[in-house]
Amino acid sequence: MNELSERISLAINNAGLSYGELSKLCGISKSALQRYATGETGKIPIDRIEAIAKATNVTAAYLMGWDEKPRSRGVKISVYSRVPAGIPLEVIDDIVDTEEIPEEWTSGGREYFATIVCGDSMYPKYIEGDVIIVRKQPSFESGQDCVVYVNGYEATLKKVIRLNDGGIRLQPFNTSYPPKTYYPDDEPISIAGVVVEIRRKP
């Protein structure tokens, strides 16, 4: 087995894919993939190496031995200084930076954005200036940290708790700030997304 085949075999194993699953993803027959992974073939066309790399979430450079680390492909998302309600993210012009997330996060059409934490209501878990990565979705599970719109105002970051009596509590982490509870007849609550990662700048 040569180095290229070893890396292809390792990438397939790390991705947790069967040859059948990989075949569907990259359009290469199972028998060819098996030959590539075991070294039972000659030169592999570059377009096939690129297809295998994309399907296993590594780079073609890694498979070919030009890069020692099997780095995942990244997708850049915008970082917003604020997230005003009612405005599609793609038309907000106060983009202050970009962040990179793993490409596999976007599978199934999932979308993400990033924003900057303001204030200290979520201290000590979140510190002012932290960048949070948010998966866009209108739903949540009780206890998740979410970017929330209250009555159409700009978004706020809070732990969101669903109460047994039908209410929704927005819970700060900082005990200096009181929680607020909303019911269906109160100001409308909507979820912009769920926090999936905190990125603290040095």
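Q: What is the volume of the largest pocket?
A: The model is predicted, with local features needing pLDDT of at least 70 and side-chain atom pairs pLDDT 80 or more, while totals for chains, interfaces and linings use all residues. Residues are numbered from 1 along each chain as its sequence is written, and side-chain values use heavy atoms, without hydrogens and water. A pocket here is an open set of points on a 1 Å grid over the protein atoms alone, where a 1.4 Å probe fits, with protein on both sides within 12 Å along at least five of seven lines. Taken as the space filled by probe spheres set on the points, which are joined across faces, edges and corners, the volume of the largest pocket is about 300 Å³.

Q: Which element gives the largest share of the lining of the largest pocket?
A: Lining residues, those with an atom within 4 Å of a point, number 17 for the largest pocket, and Ile116, Cys118, Ala155, Thr156 and Leu157 are the closest to its centre. Two or more lining residues come from each of the strands (DSSP runs of E, at least two residues, numbered from the N terminus) β3 (112-116) and β6. The largest share, 3 residues, comes from β6.

Q: Which residue in β7 is the bridge partner of Val160?
A: Strand β6 (residues 156-162) runs antiparallel to β7 (residues 168-171), and 4 bridges join them, where pairing requires at least two bridges found by DSSP. The bridge partner of Val160 in β7 is Leu170.
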